[in-house]
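Reader: I am new to this structure. Please show it to me, and then let me ask about it.

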Amino acid sequence: MSAISNGYILNEITEQFPVSVIDSLESYGMLTVEVKAADIVNILNYLKHHPQIQMNFLTDVCGVHYPDQVGKELGAVYHVHSFVNNVRLRLKCFASVENPQIPSITSVFEAANWQERETFDFYGIEFTNHPNLKRILNVDEMDYFPLRKEYPLEDQTRTDKDDTYFGR
Amino acid sequence: MSTIQLTDAPAGLEGQGFFATSFEKAVGLARANSIWPLPFATSCCGIEFMATMASNYDLARFGSERISFSPRQADLLMVMGTIAKKMGPVLKQVYLQMAEPRWVIAVGACASSGGIFDTYSVLQGIDKVIPVDVYVPGCPPRPEQIIDGITKIQELVKNEPLRRRNSPEYKALLASYGIQ
């Protein structure tokens with residue numbers, strides 16, 4: 001059992017950043033907090049250096065695309081882990097597809113460097129103040145962001161498949 | 001009594017103390033039975049190739065004893081496995097480093113057509129970047145099938161005219177891949 005509860009963490013965040021917290025949800029015992037994109041650096045910095053919570057490890061940064069969620073189509077999801085308390089937390093923040101800018105958290109967690117590059121590579125989320133924001137996994141010449149929903153998963157250069165049998 | 005079988009002599013004029021054939025056939029015979037392959041193995045087809053090379057299937061029986069790990073000395077590029085788009089330029093570079101005459105065999109579904117990886121990151125067949133002589137189907141193909149592909153290559157090598165690599169058709173083929 002973790003030493004601190006999800007309720008305590010949510011309380012601390014809400015008290016410190018009352019206008020930043022948009023929504024929260026607990027699923028399968030893991031707390032998810034949706035926050036304003038502009039405050040993500042401050043919130044993570046606060047959680048990392050909080051004397052009790054000590055969210056000292058960034059597990060993952062990833063992207064998500066909800067085309068129907070007008071105005072907040074693109075999201076970045078941060079998973080953080082407190083080794084001290086053995087408790088995990090998920091933070092989400094969203095930006096519009098027209099202006100997909102979210103501040104980079106590399107000033108708080110150096111490990112976010114490559115993970116933000118990957119998220120940029122696949123979803124086109126521009127992490128402002130990132131030291132080296134360029135593609136990391138796909139070919140440099142790629143001119144689109146392949147995991148956005150408007151692009152089909154299948155490669156469009158394939159010539160040997162009959163579309164009617166392969167659900168294109 | 002030895003059980004070693006020698007390769008049949010090519011068609012030619014034979015008499016007492018002499019044998020005359022075309023230079024082309026003599027060269028083809030020599031080349032076909034001493035192919036130096038360069039394995040470009042990226043996934044499970046590469047494992048099948050290792051079995052093909054090893055003692056049970058023994059590719060050396062077909063004259064390919066010496067695997068060349070330098071493209072400069074290789075005759076046959078064996079591409080075995082999924083080639084991601086990011087690997088495409090690397091594969092082409094390896095092909096360009098090989099000296100003529102050079103042959104290419106695509107082993108397995110992925111190298112031939114992209115296979116099950118019908119996705120944005122995978123090259124849909126290596127013939128998108130380099131010309132291919134023989135395709136071996138299978139996912140992955142058994143060593144027997146790879147050996148069958150090698151013998152098909154041997155047939156090509158044996159019957160290739162000496163001037164083929166200088167022909168306008170061959171130059172046009174390379175030009176279609178943007179090579180020279």
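Author: We begin with one residue and its neighbours. A:Glu34 touches A:Ser20, A:Val21, A:Ile22, A:Asp23, A:Lys72, A:Lys92 and A:Phe94, leaving out residues up to four places away in sequence. Contact here means heavy atoms within 4.5 Å. This is a predicted model, where local features need pLDDT of at least 70, side-chain atom pairs count only at pLDDT 80 or more, and totals for chains, interfaces and linings use all residues. Residues are numbered from 1 along each chain as its sequence is written, chains are lettered from A and ligands numbered from 1 in the order written, and side-chain values use heavy atoms, without hydrogens and water.

Reader: Which side chain joins that of A:Glu34 in a polar contact?

Author: A polar contact is a pair of N or O atoms within 3.5 Å; within protein, one must be able to donate a hydrogen and the other to accept it, and residues adjacent in sequence count only if both atoms are side-chain atoms. Here the distance is 2.8 Å, and the partner of A:Glu34 is A:Lys72.

Reader: Is A:Glu34 buried or exposed?

Author: Buried means under 20% relative accessible area, exposed over 50%, partly exposed in between (1.4 Å probe, protein chains only). A:Glu34 has 13% relative accessibility, so the residue counts as buried.

Reader: How much of chain B is buried?

Author: Chain B has 180 residues. By that same cut-off of under 20%, the buried share of chain B is 42%.

Reader: What is the radius of gyration of chain B?

Author: The radius is taken over C-alpha atoms, and the globule rule is 2.2 Å times the number of residues to the power 0.38. For 180 residues, a compact globule would have a value near 16 Å. Chain B agrees with that, at 18 Å.
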